[in-house]
Amino acid sequence: MMVTKRLGRRQFHFTVQGANFHEVVAEHDRLSFPDVAKCGLCGSDNLDLTAREAQGKFKYTSLKCLDCRGDVTFGKRQDDDQTVFLRKTEDGKLDWRAYEKPA
């Protein structure tokens, strides 16, 4: 099954597989994040997916604004590290963080 997510002006296509219909739908559900139309900080639709590793052991995947460099990080469930979601604030909005220049 092909899953398309629209993030800003780009579309990302993910392929999910399973041994049967139920497993395919379950794999689709693991991509449990919504389409995101624009940056929550500056309103730009110039968004991209990024991945990085910190200290050789912590892996981060983020949705990054290429204009203001703000980002929102993907989280994983503790009981299933294959299920991803975009982190939210306590009031339910995406947890966009402004870029901080390294010291």
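Let's say two residues are in contact when heavy atoms of theirs lie within 4.5 Å. Keep in mind that this is a predicted model, where local features need pLDDT of at least 70, side-chain atom pairs count only at pLDDT 80 or more, and totals for chains, interfaces and linings use all residues. Residues are numbered from 1 along each chain as its sequence is written, and side-chain values use heavy atoms, with hydrogens and water left out.

With that settled, take Thr73, which sits in strand β5 (strands are DSSP runs of E, at least two residues, numbered from the N terminus). Thr73 has a relative accessible area of 16%, so it counts as buried (under 20%, with a 1.4 Å probe and protein chains only). Setting aside neighbours within four places in sequence, Thr73 touches Tyr60, Thr61, Ser62, Phe85, Leu86 and Arg87.

Now for the sheet around it. Four strands form an open sheet in the order β3-β4-β5-β6, with antiparallel pairing (a pair needs at least two DSSP bridges). β3 (47-54) and β6 (84-86) each have a single partner strand, so one side of each has no neighbour in the sheet. Strand β4 (residues 58-65) and strand β5 (residues 71-76) are joined by three bridges, and Leu63 faces Val72 across that pair.

Finally, go back to the start of the chain. β1 and β2 (residues 10-15) pair antiparallel over six bridges, with Arg6 opposite Gln11. Two residues separate the strands of this hairpin, and Gly8 has a positive phi near 65°.

Key. Buried < 20%, exposed > 50% of the residue type's maximum accessible area, 1.4 Å probe, protein only.
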